Amino acid sequence: MEIILLERIEKLGGIGDVVTVKNGFARNYLLPNSKALRANDANRKLFEANRSKIEADNAERRTDAEGRAKDIDGKQVVLIRQASNTGQLYGSVSVRDIIDALIEDGATNITKSMVELERPIKSLGLFDVKVKLHPEVVVTVSVNVARSPDEAEMQKQGIDVIAAMFEEEQAEAVASALEPDSEDEFDDVDAAPSDVAVEDAADEGEEA
């Protein structure tokens with residue numbers, strides 16, 4: 001289907017461009033969201049008659065988005081979740097969770113369509129997520145998914161929490177393996193191994 005773009009669409013074009021897209025994309029997304037018009041004679045005349053207003057409205061929205069971007073770009077939000085010792089979440093982090101965290105941190109006018117998350121987050125760690133405040137204004141926020149505020153701070157400092165925990169468990173296992181056997185294993189429970197050896201030597205000397 002041929003359409004006239006009413007705003008910049010990534011990988012398609014800018015305002016006023018006539019492009020061809022799949023019918024489903026046009027009918028299910030572009031047309032109902034007022035992002036384009038069908039490219040027929042009536043709509044071409046309508047667009048040209050309103051081009052100045054369309055471009056002015058777009059410029060106003062872009063300026064507003066650029067102002068908000070300064071407070072959001074590079075922001076890090078922390079989401080505390082339960083997870084296994086391998087770092088897999090019991091559940092997942094969704095777009096809604098990220099929006100709620102941003103709003104709680106002071107962001108405004110953030111909608112689901114703005115947050116570009118290819119798939120839900122299902123593990124601990126730091127994740128860069130793009131937020132499209134306007135077709136021409138895209139910022140990046142960091143989503144810090146951790147089991148506790150302390151672990152979130154460690155991840156913020158660049159520490160791999162799961163790797164650190166694994167190394168600690170390994171160190172504890174090695175230390176446990178190197179511990180001496182309990183003295184209870186000896187026949188003479190009241191004497192340490194060295195005392196037993198000295199007494200045996202003394203007995204042998206008396207017999208000689």
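How many helices and strands does the chain have, and where does strand 9 sit, buried or exposed?

Mentor: This is a predicted model, in which local features need pLDDT of at least 70 and side-chain atom pairs count only at pLDDT 80 or more, whereas totals for chains, interfaces and linings use all residues. Residues are numbered from 1 along each chain as its sequence is written, and side-chain values use heavy atoms, with hydrogens and water left out.

The chain has six helices and nine strands, these being DSSP runs numbered from the N terminus (helices are H or I with at least four residues, strands are E with at least two). Of the 208 residues in the chain, 31% are buried, where buried means under 20% relative accessible area, exposed means over 50% and partly exposed lies in between (1.4 Å probe, protein chains only).

Strand 9 covers residues 137-146, and because eight of its ten residues are buried, the strand is largely enclosed by the rest of the structure. Strand 9 has pairing partners that include strand 8 (residues 125-134), which runs antiparallel to it and is joined to it by nine bridges; two strands are said to pair if DSSP finds at least two bridges between them.

Asparagine 144 belongs to strand 9 and is buried, with a relative accessible area of 0%. Its side chain makes a polar contact with the side chain of glutamine 76 at 3.0 Å; a polar contact is a pair of N or O atoms within 3.5 Å, where within protein one must be able to donate a hydrogen and the other to accept it, and residues adjacent in sequence count only if both atoms are side-chain atoms. If neighbours within four places in sequence are left aside, asparagine 144 is in contact with Gln76, Val77, Val78, Leu79, Gly125, Leu126, Ala152, Gln155 and Lys156, contact meaning heavy atoms within 4.5 Å.

For the chain as a whole, among contacts between residues at least 6 apart in sequence, 52% join residues at least 24 apart.
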